[in-house]
Amino acid sequence: MKIERQSLGRLTTLGVGGEAEVWTPQNLPELKGAMSAPYRILGGGSNLVVSDAGLEQRVIRLGGIYASEDLERDPILSSEALHVTGWVGGGCALPGLIRRVQKRGLSGLEGLVGIPAQVGGAVWMNAGTRYGEMFDALYELEVVAHGEARIHAPEELNYKYRSSGIPRNDIVTRVRLKLTPSTPEAVEARMVDSDTARKGQPKARTAGCAFKNPTVGGQKVSAGLLIDRAGLKGLKVGKAMIALEHGNFVVNLGGATSQDVKELLRQVEEKLEVALEWEYELWE
Ligand code: EPU
């Protein structure tokens, strides 16, 4: 197993945070070993704000069998209208997976286009857009908890908007996808549609949306819209700024600290009259 001290800022899309020991298990025995002392599990690092001081705990990144994929159709579980894949590792990058699924003419993941996550992390937080979320395409998933691998049907979990219900330190090691046979062209067209919805999002270093969309008067409202209406775009603390393109993104202008990001979001929450919940994960 590879064990290396690394800057977590370099392993996250926002680019904030100190160092930790990074363990990369290749199989279940190694994963059990890695889980034998306090740990955090790192996926694509695309939704993460890490403390400037780094972490004392080890950080686990899935490798080996957990970063491989088998998209072949399971002949027993599949039908004409349903393609159930083999196992796809939680450590696989979601964008590449979406592209390979599209090339096979399979539909089901295109609503997730543009999300820079790994599969395990995307499942853990039920990542999505208004065009679809991760749980829409799950046939079953393997979760390792307390040294034991268990297979679950999605219905057994308490998943909802941006949450799988899976406890924080349980690890989504592998999933099988349920996809619909279509054509590469039709899937591509839907990918373009959902990608268009992201056109207004910043291209700079961000960790995606900072806040979950709150429910106001029984309806989900865009946190970005509320932040924009409150005139908070461009608000800055240190090198962290509310994006000019979309109010729910924090941009790292270069050298931002986790303190900058936290203080910026605190100021936004203080100025809005709606209770907001972080979509970001905070590691400290
Ligand atoms: N809007 C503004 N100003 C802003 C932001 C948004 O006027 O600063 C308006 C937009 O023009 C649009 C409406 O508000 O009319 C909704 O905005 P958007 O389409 O961007 O959707 P959202 O609810 O803000 C959600 C997801 C995004 C995802 C988009 C597109 C959450 C918290 N956010 O944003 O996901 O990319 O839909 O599907 O669910 C993420 O999860 O990290 C993320 C970025």
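**Ligand site and sheet**

Of the 20 residues around the ligand, Arg130, Cys209, Asp228, His246 and Glu279 come nearest; a residue is near a molecule if one of its heavy atoms lies within 4 Å of it. This is a predicted model, in which local features need pLDDT of at least 70 and side-chain atom pairs count only at pLDDT 80 or more, while totals for chains, interfaces and linings use all residues. Residues are numbered from 1 along each chain as its sequence is written, and side-chain values use heavy atoms, with hydrogens and water left out.

**Ligand shell**

- The shell residues divide into five nonpolar, nine polar and six charged (Ala, Val, Leu, Ile, Met, Phe, Trp, Tyr, Cys and Pro count as nonpolar, Asp, Glu, Lys and Arg as charged, and the others, Gly among them, as polar).
- Helix α5 (residues 223–229) gives the most to this shell, with three residues; helices (H or I, at least four residues) and strands (E, at least two) are DSSP runs, numbered from the N terminus.

- A side-chain N or O atom of Gln201 is 2.8 Å from a ligand oxygen atom.
- For Asn213, a polar side-chain atom lies 2.8 Å from an oxygen atom of the ligand.

**Sheet**

- Three strands form an open sheet in the order β15-β16-β17, with antiparallel pairing; two strands pair if DSSP finds at least two bridges between them.
- Strand β16 (residues 240–242) pairs with β17 over three bridges, and Ala240 has Asn252 as its bridge partner in β17.

Notes: A polar contact is a pair of N or O atoms within 3.5 Å; within protein, one must be able to donate a hydrogen and the other to accept it, and residues adjacent in sequence count only if both atoms are side-chain atoms.
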